[in-house]
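Visitor: I'd like to learn how to read cavities, helices and ring contacts in a model. Please take me through them one at a time.

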Amino acid sequence: MNRFPLKLSGAVARVADSALGPHQTAVIRIGFSATWLLFLLREFPHRQELYGPDGPWDWDLADQLVGSNGAFTALLWSDGQGWFEALYLLAVVWSVLLLLGWRTRTMSVLFMVGVLSLQNRSVFMGDGGDNVLHLMSVYLVFTRCGQVWSLDARRARRADEARARGERPRDRTGPALWGVLGFLLLLATLAGRMDGDRFVPALLWAVWLAQALWWLVGRYARTPQPRGLLDVVANIVHNGALLVIMAEACLIYATAGWYKIQGSRWQDGTAVHYPLHLEYFSPWPALSDLLTASGTLVMLVTYGTVAVQVAFPFTLFNRRVKNVLLALMITEHAVIAVVLGLPFFSLAMIAADAVFLPTSFLRRLGNAFGRAYVGVRTRTLRTPPSRTRADGAPVPVPRTGSPGGPVGHVGQVDHVDQVDRVDGEEQAGREPTAPAPGKAPGTRP
């Protein structure tokens, strides 16, 4: 009788005490920001036709549609060419900063503004992947997606190290950014640019006020209780948003699968054949012909697609089966990206699928990237920069201990070489030789 209350209290404590799935939300942040960034860069030469004032869906038509449905888009605040170009470039910059994890809470809000502004400007330019990106850009605002694999995580780690040394780190960039964005938000509100749907303006003001409260408590609170309370609220909001993201992904697959079941072409096993022979979805006609040459293969892929999409939400209760179907769906989207020429749709869906990836797999993946980065950095440090005289003859690089020798990169190379020499002499059974005058002695790490 006492087990259920204990489990319930443990679950509540877990939801309130920590932000669940930090690696999953980091992958979602990286995936969707990279998808949007690559899309903006690819369509940069065509941005005028897609979202610009001179596109087929001109400014007046977009203004009438937004006036009727109340959608948010900052592109309709002005019909000038300069405003469009500035906002498009800002959308690119915000995507890069969110990808790197710099001020993720603020950048997630600006990322959402960029996505909504461009997509709501020309509503007939999107597809299913754009719809997923549209929704996820809103959900990301509520998550703490910069806890790992971000510049924010590195900054927090350095701040903790500074506090351990008795220092008190100060953040000047955050308040300055908060002040500038608050001033711009106030100007837009007073100018009547937020008179449409109330959700986005209310969300922008709520996040702005929450950031102010977070900074004030961290700066002036005499006890840790107020900051702890804010952490609990932030964790609950994050975990709720993560649950919504998972439910959204399941709803997408379940809806797609059950609608496919009702189609006659999916029932007779020939549905996959037809899009592969549409000119718009056949960037590689020879590959499409090869895949559709076998009727049995077409039937298996057709039925397999429906089965995986319908069954996936139910497999969340079994981790092993879920991982198998997750691998199949990611593979399916990768094939769609290549065969049907829909890379951004596939990237958006793979990013949504990443919320279900196992934490152990993501940690191993992160460690692998970390080791690769350390290896590249070590090889860079071991290779001194080459220099040549005016006549083309190589000039030897001076050591750090030599008079006038540089410090920094070459000094690091000298230290690495010294450590390798000392370790090699110890392993050979010899006493390490003393370092040359002016050299730093090698020390074991």
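**Reading the model**

Guide: Let's start inside: sorted by class, the residues lining the largest cavity are six nonpolar, three polar and two charged. Nonpolar here covers Ala, Val, Leu, Ile, Met, Phe, Trp, Tyr, Cys and Pro; Asp, Glu, Lys and Arg are charged, and the others, Gly among them, are polar. Bear in mind that this is a predicted model, where local features need pLDDT of at least 70, side-chain atom pairs need 80 or more, and totals for chains, interfaces and linings use all residues. Numbering runs from 1 along each chain as its sequence is written, and side-chain values use heavy atoms, with hydrogens and water left out.

Visitor: How many cavities of 30 Å³ or more does the search find, and which residues line the largest one?

Guide: A cavity is a set of points on a 1 Å grid where a 1.4 Å probe fits but cannot get out, and lining residues have an atom within 4 Å of a point. Volume is the space filled by probe spheres on those points, which are joined across faces, edges and corners. The whole structure has two cavities of 30 Å³ or more. The largest holds about 50 Å³, and its lining is Tyr51, Gly52, Pro53, Trp59, Leu75, Ser78, Asp79, Gly80, Trp83, Phe84 and Arg121.

Visitor: And what lines the second largest cavity?

Guide: Thr35, Trp36, Phe39, Gly129, Asp130, Leu133, Phe344 and Ala348 do, around a volume of about 40 Å³. Five of these lining residues are nonpolar, two polar and one charged. Helices H2 (22–42), H7 (128–139) and H16 (343–353) each supply at least two residues of the lining. Trp36, Phe39 and Phe344 also form one aromatic cluster.

Visitor: How do I read a helix such as H2: what span should it have, and how many of its residues are buried?

Guide: Helices are DSSP runs (H or I, at least four residues), numbered from the N terminus. Expected span is 1.5 Å times one less than the number of residues. H2 has 21 residues and should span 30 Å, which agrees with the 30 Å between its end C-alpha atoms. Buried means under 20% relative accessible area, exposed over 50%, and partly exposed in between (1.4 Å probe, protein chains only). In H2, 15 of the 21 residues are buried, so the helix is largely enclosed by the rest of the structure. Helix H6 (residues 104–121) reaches 25 Å over its 18 residues, close to the expected 26 Å, and 17 of those 18 are buried.

Visitor: How many aromatic pairs are there?

Guide: Rings of Phe, Tyr and Trp (its six-membered ring) pair if their centres lie within 6.5 Å; planes under 30 degrees apart are stacked, over 60 edge-to-face, the rest tilted. The search finds 13 pairs. Phe84 and Tyr88 have ring centres 6.0 Å apart and planes at 50 degrees, so that pair is tilted. These two sit four residues apart in helix H5 (residues 81–100), about one helical turn, and both are buried. Trp215 and Tyr220, by contrast, pair edge-to-face, at 6.1 Å and 85 degrees. Trp215 is partly exposed at 35% relative accessible area, while Tyr220 is exposed at 55%.

Visitor: Which charged end sits over the ring of Phe44?

Guide: The test is NZ of Lys or CZ of Arg within 6 Å of the ring centre and within 35 degrees of the ring normal. The charged end of Arg47 sits over Phe44, 4.0 Å from the ring centre. Lys260 lies over the face of Trp266, at 5.3 Å.

Definitions and conventions:
On a 1 Å grid over the protein atoms alone, a cavity is a set of points where a 1.4 Å probe fits but cannot get out, and a pocket is an open set with protein on both sides within 12 Å along at least five of seven lines; lining residues have an atom within 4 Å of a point.
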